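The sequence and model come next.

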Amino acid sequence: MVTKMVDLRSDTVTKPTEAMRAAMANAEVDDDVLGHDPSALRLETELAKITGKEAGLFVPSGTMSNLISVLVHCNIRGSEVILGDNSHIHIYENGGISTIGGVHPRTVKNNEDGTMDIDLIEAAIRDPRGEIVYPTTRLICLENSQANCGGRCLSVEYTDKVGELAKKHGLKLHIDGARIFNASIALGVPVSRLVQDADSVSVCLSKGLGAPVGSVIVGSKSFIAKARILRKTLGGGMRQVGILCAAALVAVQENVSKLEDDHKNAKMLAEGLNQIKGLRLNVAAVETNIIYFDVVEGTKITAEKLCKNLEQHGILVMQESPISIRVVLHHQISASDVQYTLSCFKQALTGMREDTGI
């Protein structure tokens, strides 16, 4: 019988805190499609301020926020966007930029640290003289932190170089900042500085910050005006969204400071896992709240069986491949949860308990 649950599948699994629920119950609301919901306006203004942009727009999800941002920048069908081959937009968003927007993705290899080589980005930019046969490059997308690379952070220096490259070629820069606050805390750099050169940023509130729903797109006033129209087109106009925005504002105000603890717990967990025979990971690569590790070939248990074994003890993780597993820390995972998780991993891999089924 499971007596303790530790959900490490993602930082999207958090439950609203009592403060969030109270804020939702008492939220001042109006029709956001008409532009009058005061709670939405407060959240959008706050995120614009934090990111150093002119305006913001609340949307239901990170997928929609990235889709809207790409489509505003690439408003002519047949436009091309340069993005990482391991990026969330390219892999996990149903190909929406192409199926809905007619935007062609041109991928550049993501390095292990989440970056793309600057010279490869520049080489991927289409020569305008070939427009009779080529798509037209209009946008570069970065992701910070880069989830599929293990939550690695893009530095200010790197982002500045990509921004300079975009300006040199007359392109726009969008940053998928689903976990931009994690990157900010890990690097010790304000969010506004990290996204200084970006023309738009998508900020997810339902990941590390723990809000129940939503993302905010930030950019110039003219960009957000166009984004608002697209949000309605895509079915993202949700009327009294202040109920959701009130919880998100609590998340921004109360949970950013907790991200540092998430990162410390992630490092503690990574160091513990690295000491368990049969597992392989790069502890130095754990910069934020995401850990990837492999079950070593020849170990008596497979990644699939390990995940099932852990679930029997209340530990939920996510299998990424036949040998790879991902775990993600969040503000509702404590240091004691980390220790319990490590004990369950040890039991599963060493066979110390008779009831593990190994």
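E304 is partly exposed at a relative accessible area of 43%, where buried means under 20% relative accessible area, exposed over 50% and partly exposed in between (1.4 Å probe, protein chains only). The model is a predicted one, in which local features need pLDDT of at least 70 and side-chain atom pairs count only at pLDDT 80 or more, while totals for chains, interfaces and linings use all residues. Residues are numbered from 1 along each chain as its sequence is written, and side-chain values use heavy atoms, with hydrogens and water left out.

The partner of E304 is K308, with which E304 forms a salt bridge; the term stands for a side-chain nitrogen of Lys or Arg within 4 Å of a carboxyl oxygen of Asp or Glu. K308 is also partly exposed, at 49% relative accessibility. Both residues sit in helix 13 (residues 303–312), four residues apart, about one turn of the helix. Helices (H or I, at least four residues) and strands (E, at least two) are DSSP runs numbered from the N terminus.

Over the whole structure, a search finds 14 salt bridges. Side chains of opposite charge can pair when their charged atoms come close. The table lists three of these pairs.

| E304 | K308 | 3.4 Å |

R239 lies in the loop between helix 10 (221–233) and helix 11 (242–255), and D31 in the loop between helix 1 (18–25) and helix 2 (38–51), so the pair ties together parts that are 208 residues apart in sequence. R239 is partly exposed, with a relative accessible area of 34%, whereas D31 is buried at 13%.

E80 is buried at 0% relative accessibility, and R126 is buried at 18%.

The loop between helix 6 and strand 5 also holds Y134. Y134 is partly exposed at 41% relative accessibility. Together with I132 and V133, Y134 forms a nonpolar patch on the surface, with about 370 Å² of accessible area in total. Such patches are made of residues with over 30% relative accessible area and no salt bridge, like charges being joined within 9 Å and nonpolar side chains (Val, Leu, Ile, Met, Phe, Trp, Tyr) within 5 Å. Accessible areas come from the Shrake-Rupley method with a 1.4 Å probe, and for residues only the protein chains shown count as cover.

V162 is placed in helix 7 (residues 156–168) and is buried, with a relative accessible area of 0%. Apart from neighbours within four places in sequence, V162 is in contact (heavy atoms within 4.5 Å) with I118, I121, I140, L142 and L173.

For K207, an unreviewed UniProt entry carries the annotation "modified residue: N6-(pyridoxal phosphate)lysine". UniProt positions are given in the numbering used here, feature names are shortened, and annotations may be inferred rather than shown by experiment. K207 lies in the loop between strand 7 (200–204) and strand 8 (215–219) and is buried at 14% relative accessibility. Leaving aside neighbours within four places in sequence, K207 is in contact with D11, T12, A178 and R179.
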